[in-house]
Structure formats: structure tokens, C-alpha cells
Amino acid sequence: MRRLLVALALVLMALPCPARADVAVQAYELPKGGGSPHDVAVDAAGIVWYAAQRDGQLGRLEPKTGKVELVSLGKGAAPHGVIIGPDGAPWITEGGTNAIVRVDPKSREVKSWPLPEARGFVNLNTLTFDKRGRVWFTGQNGVYGRLDPKTGAMQVWDAPRGRGPYGITTTPDGDVYYASLAGNHIARVAVETGQATIIEPPTKNQGARRVWSDSRGRIWVSEWNAGNVSRYDPASKTWKTWKLPGEQPRAYAVYVDDKDMVWLSDWGANAMVRFNPDTEKFDAFPSDRRGSNVRQILGGPGEVWAPESGADRLVVYRTKSSLR
């Protein structure tokens with residue numbers, strides 16, 4: 001009972017924002033046996049789903065009540081990425097069993113599409129959907145692939161330059177791009193043929209980790225090694241790069257919100273960082289927990305969610321417009 005009361009108190013208490021008055025920050029503690037959140041996604045009803053990687057489960061948080069439900073993904077599971085598909089269900093890159101997994105949001109039924117056995121362990125990372133409802137995914141051991149949920153057909157391609165495919169995103173026009181952490185580049189994937197074309201960032205050995213598209217189809221990249229955020233414009237085929245504030249920034253995750261503001265997790269500063277492309281200014285939101293280690297960012301209208309894997313909690317950043 002005491003643990004429940006503490007959790008409810010934390011749900012109702014918004015943390016003070018250290019940088020800007022137009023953002024309210026709220027933290028949700030996660031239960032034991034359902035922590036270590038790696039990736040997070042928000043469905044149309046505002047329910048938050050997260051990959052409890054260490055415990056092999058998918059978590060479901062109701063923000064209004066703080067209630068957390070855990071769905072077991074089976075023996076040996078170690079989920080990495082989670083997104084909401086066009087069917088409204090959470091889809092997962094399940095690294096432990098080398099499979100793409102769907103969890104029914106109502107029945108909690110778990111359905112799995114294993115990768116071909118001949119591929120072996122690929123270290124599945126993240127996933128995205130194209131405009132035809134097919135799942136594209138990355139494997140850090142040097143692959144990317146596509147699953148058609150309607151037919152079950154799955155194809156897996158060897159990535160150019162081998163190891164490294166990590167973050168992946170779809171533009172509003174339906175183009176798919178992924179980032180290669182070990183390969184230090186991003187790539188555009190032809191969604192019909194599967195061919196990947198390398199696009200070189202201007203900074204060498206930058207460690208492109210995650211990618212996200214803005215509303216104009218420009219690709220934003222978090223550069224882990226360089227501590228930069230960079231932007232690739234496919235229309236003009238040009239790049240622009242900005243260094244995150246601080247002495248030793250380490251840009252892990254990147255996400256572009258519904259206002260085209262760019263959010264990043266900076267492990268060097270133990271902070272979330274918001275970048276305004278119009279003013280080219282940064283706002284930092286330091287965590288009140290050491291080693292928060294935000295590995296991915298996602299959200300919905302007026303909300304940005306960050307899973308603090310090192311603190312076993314989910315944190316939401318609500319903008320002023322969403323608080324009215």
C-alpha cells in the first residue's frame with residue numbers, strides 16, 4: 001500500500017522545469033520487475049507503451065491514474081524498440097528472440113514474426129512503418145529488413161558497410177531512412193526494392209545513432225560520437241550541423257515534435273535538450289536523477305515522452321499549449 005501511495009503521489013506531482021516556463025515536467029516511477037525502459041510510444045488514446053528490456057516485458061502506463069500493466073513477451077525476451085502501428089497496436093523489435101512482435105492493445109495477445117534462422121542473431125534495434133503498412137526494422141549486426149504483416153512475408157538485407165544500423169524513420173512522403181551508428185552514416189531505403197543508398201554526414205566518425213523526420217521530410221540525426229544534431233534536406237541534398245551545449249555532449253536520441261521542435265537526449269549533460277530550428281537555440285532540461293540515460297524519445301500532440309532507463313521511470317514534457 002505504501003508503495004502504491006508513493007507512486008500515486010509522484011504521478012500527481014509535476015517536477016519544476018529548470019529551463020523554461022512553457023514546459024511542465026512530470027515523472028512516473030515504474031514498478032520493480034517492469035523497469036529499465038528502453039523505448040516508449042504513445043497511442044491515440046494517450047496510453048503509453050514501453051519496452052521493459054531487462055525484464056522481457058511490454059509496459060502499459062495510464063498517465064491519468066499512474067497504473068502500470070506488464071505484458072510478458074515470453075521466455076528469453078529482451079525488447080528494444082516499440083512504436084504504435086497504423087492498426088493502433090504496439091509493435092516491438094524483440095532482440096531476445098530475434099523477432100518482430102505485435103501486442104494486441106485490447107486482448108494483450110502476443111504475435112511474433114521470427115527472422116529467418118539462417119540470419120542468426122541480428123541485434124534488432126528499431127522499427128517504422130511505410131505508407132503500405134509494412135514494418136521496416138534495423139539490426140545492429142549489419143542488417144535491415146521489411147515485414148508485411150498481411151502476408152507474413154519478410155525480407156532481410158545486408159547493410160552496406162556492415163555493422164551499425166540503428167535508428168529508423170519514415171518521412172511524411174513515405175521515404176524510409178536509417179542511421180548507422182558503427183557505419184557513421186545515414187541511408188535512404190527504396191521501399192519497393194529494398195536497396196539502401198548511403199548518405200554521408202559532413203562530420204567524420206560522428207556516430208549517427210537515431211534519425212527522425214520533420215513535417216517537411218528533412219532528416220534529423222543525433223550524432224553520438226560528435227555530440228551534434230545534424231539535419232539532412234533531401235530536396236537540396238544539403239546538411240547543416242549544430243553542436244549541443246556543454247563541454248562533452250553525447251547525443252543519443254532525437255525526436256521531432258508536432259511543432260517541428262527537435263528534442264534530444266544528451267547523456268553528457270544528463271539532460272533532455274530542445275532545439276528550435278528557427279532561432280537555432282537550445283533549451284536544456286537536466287534530470288533530477290543521476291544517470292537517467294534516455295535512450296529514445298517519442299510523443300504526441302503537446303507531449304514528449306522520455307524513458308529514463310537508468311532511473312526506472314518515464315518522464316513527460318508537456319508544452320504550454322497542451323496544458324490549457
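## Strands β24 and β25

D266 sits across from A271 of β25. In this predicted model, β24 and β25 run antiparallel to each other, and their pairing covers 5 bridges. Strand β24 spans 262-266 and β25 spans 271-276, with N270 in the loop between them.

N270 deserves a look of its own. Its phi is positive, near 50 degrees, and the residue is not a glycine. Is N270 buried or exposed? With a relative accessible area of 18%, N270 counts as buried, because the cut-off for buried is under 20%.

## The sheet around them

Let's step back to the sheet. Four strands form an open sheet in the order β23-β24-β25-β26, and the pairing is antiparallel. At the edges are β23 (251-256) and β26 (281-286), each of which pairs on one side only. On average, neighbouring strands in this sheet are turned by 20 degrees against each other, direction ignored.

Strand β19 covers residues 208-213 and is mostly covered, as 5 of its 6 residues are buried. Which residue of β20 is the bridge partner of R210? That partner is S222.

Between the two strands of this hairpin lie 5 residues, and G217 has a positive phi near 80 degrees.

## A positive phi at R108

R108 has a positive phi of about 70 degrees, even though it is not a glycine.

Methods:
Residues numbered from 1 in each chain as written. Predicted model: local features only at pLDDT ≥ 70, side-chain atom pairs only at ≥ 80, totals over all residues. Heavy atoms only, no water. Buried < 20%, exposed > 50% of the residue type's maximum accessible area, 1.4 Å probe, protein only. Pairing = 2+ DSSP bridges. Axes fitted to C-alpha atoms, helices over the stretch in contact; angles between N-to-C directions.
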